[in-house]
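This report describes the architecture of one chain, an interface between two chains, and the surroundings of a single residue. The structure is shown first.

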Amino acid sequence: MPLSDVAVTLREVSRRYGHRPVLQDVSLDIGFGEVVLLMGKNGAGKTTLLRLIAGLARPNSGSIERFGSVGMVAHHSMLYDALTASQNLAFFARLHGLPSGRVVHAALERVGLAAVHDQAIATFSRGMLQRLAIARALLPEPEILLLDEPLSGLDDTGTTLVTDMLKALRDRGCAVVIASHQITELLPLGTRVGYLVRGRLETPEVLTNKTPAEVLDRYRAAVARER
Amino acid sequence: MSASTFVRASLAVAAKDLAIEWKTKTAFVSSMVFAVLVLAVLYFARDPTSVATIDVAPGALWVTFTFAAMVGLNRAFLLERENRAMDGLLLTPAPPTAIFVGKVLGNLVFVGVVELASVPLFILFYDLPIGAQLPELLLVMVMATVAFVAVGTLLSAMVVRTRFSEMMLPVLLLPFLVPPVVGAVQLTARILLDRPLSELAGWLKLLAAFDLVFLTLSILLFEATLEE
Amino acid sequence: MIGRDAALRTARRGGVVTVLALLGLAAIYVRALVFTPVERFQGPAQKIFYIHAPAAWAALVAFAITGILSLLYLFLKDRKLDLVAASSAEVGVAFGMVMLTTGPIWGKPIWGTWWTWDARLTSTLFIFLLFVGYLALRNAVTDPGTRAAYSAVIGIMALVLVPFIHVTVYWFRTLHPQPVLVKPSSPSLPGVMLVTLLLSIVVFTVLYVGFTMQRYALAVLRELKAEEVARAVS
């Protein structure tokens, strides 16, 4: 892979929370146009890894370099309950220096929330919030997109909508990292898969013609190796 | 990052906070109820035969302002903690300092409105004929409010991420309020008694110095509170 | 971060320093009670002065060091600085308690009242409370990195606040429309008493150093223990 194609580089990154080591010596290169799936149990360090890549947390040791703007969809919506869907997006658009009106409307259309644009999001279902959070993350058209369980709370329509959007982003050259255990739906998108076990990550392997069952077997083998 | 983007980000944050407050009105209503209660309780907490209202009025006013402001300040960063909106802010290109300045501006407007709404009640309850002195009183209000909003906003950014957050803010904030509040009470007392301006100069300078030093310091230190 | 052995060494050395200071303290007691003349107006009650004033001195030194280390921490991000700052604050609060209990005991027979809103009393009370708040905040944050950053912020703010508090309470008294209270500057003591006081200040400073070294060693050992436990669990 030529160097200019690298979106994110992690070198021997370690991170503790409190006194607990959460990530240990993680090294990873992510290229533009790639979708890296991260598999791991709760507490394996997926969320921490994404936060470190996003720059929201700093590693205790090791280095992280980003070569593009970052968007992120996390477990929390990062939105304000009291505001409506369009007020929320308009606010973030302003912080990104975007003209709020048209951009916001287009973003709401894309995730199928245009009809409820003037409702306070406190009334939204988990799936609607997830769609809005994705719209928020995509507002500035980030070059690197980080997603933590992006399909949680989504119904079948939502899942299709989101996977189609991610596919389009990948084809446009966006670097995407997805932490999830809903591997069946996401596998067709992925270019590589990495197994995160107890804070350690083996170099992600290329996903070509792998069935979900094979991937799960490989994951279990990785878990067994860490014991 | 140009100056205008900085200002735009600050204003966006302030406007967003005020829009949320405008919709919910919870902090405003609680602060106002609180203000009325404190004003009333302090009025009755004196012996009317031996203590004149004019002697307790300045203290009552500033105790009211302090505690009413605390209700609002506690909320300022709770909004950002809910749904982890703070992460969303930090992921935008807006500099953290601009976000902090926006929070300070939002809080200043909030506390200012609460104060302005309490002043008529104060005049009414304590029966003070102070029409002519209002401009001077407003000046003191602005200067003291800048002081405790700057420090309070910085502290609330930290306190919301601690255990017992509701208790921590007053414990940490009150010592910092000693200079501005004592100064404001002294000034208010002199203003109500219609003393000459020369008697105000010293305390006004102290308030101005406090504003300048702590506004700068809190802006500089805010980034350190984001450490994760 | 220093290791277990270094921490234990610091604890031992701190212990030696403390023992020396305690011996010095005993000597000061003897000197103050036996060899220093009884103050003419205050009588034997004045003897408590040789504890009260040095305790106040030690507390203020402790708080100043906490503030300065806080500032250094923000630039150097060295956990040691944070732990020394915290230890210093805790020892300072302990000395502050000594100051705040001996003060009224001295004040009652001399001033005829347990407490008075004199400028120096008032400002030391506020500064004491400031550092009690500092310790309360430390207690309320679990992550060591966050705790250190927050503490450093408060430490620096406190350092800057102290002169403001001092000016405020001083003006509050002296600019008050009542007859001006004399600024309670240190009474000009006769030579023997002054020497006793100065010796006592030295002893309390050494005592502060000894306590802080031990408290710091304890803090390091606790951190190491917590890390060990966390590693065993995960």
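## Basis for contacts

Two residues are taken to be in contact if their C-beta atoms, placed from the backbone, lie within 7 Å. The model is predicted, and every contact below refers to its computed coordinates.

## Architecture of chain C

Among contacts in chain C between residues at least 6 apart in sequence, 80% link residues at least 24 apart. Chain C contains six helices and zero strands, giving the pattern α-α-α-α-α-α along the sequence.

Taken along the principal axes, the C-alpha atoms of chain C fill a box of roughly 65 × 45 × 25 Å. Chain C has 234 residues, of which 37% count as buried.

## Interface between chains B and C

At this interface, 23 residues of chain B are in contact with 27 residues of chain C. On the side of chain B that touches chain C, α8 (165-192) and α9 (201-222) of chain B each supply at least two residues. The most is given by α8(B), with nine residues. By residue class, this side of chain B divides into 16 nonpolar, four polar and three charged residues.

A:I134 lies in helix α4 (residues 126-138) of chain A. Because 25 other C-beta atoms lie within 10 Å, A:I134 is buried; the cut-off for a buried residue is 20 or more.

When neighbours within four places in sequence are left aside, A:I134 is in contact with A:V73, A:V111, A:P150 and A:V162. A:I53 is 81 residues from A:I134 in sequence, and their C-alpha atoms are 18 Å apart in space.

Note on methods
Residues are numbered from 1 along each chain as its sequence is written. Chains are lettered from A and ligands numbered from 1 in the order in which they are written. This is a predicted model: local features need pLDDT of at least 70, side-chain atom pairs count only at pLDDT 80 or more; totals for chains, interfaces and linings use all residues. Helices (H or I, at least four residues) and strands (E, at least two) are DSSP runs, numbered from the N terminus. A residue is buried if 20 or more other C-beta atoms lie within 10 Å of its own, exposed if 12 or fewer, and partly exposed in between; C-beta atoms are placed from the backbone. Ala, Val, Leu, Ile, Met, Phe, Trp, Tyr, Cys and Pro count as nonpolar, Asp, Glu, Lys and Arg as charged, and the others, Gly among them, as polar.
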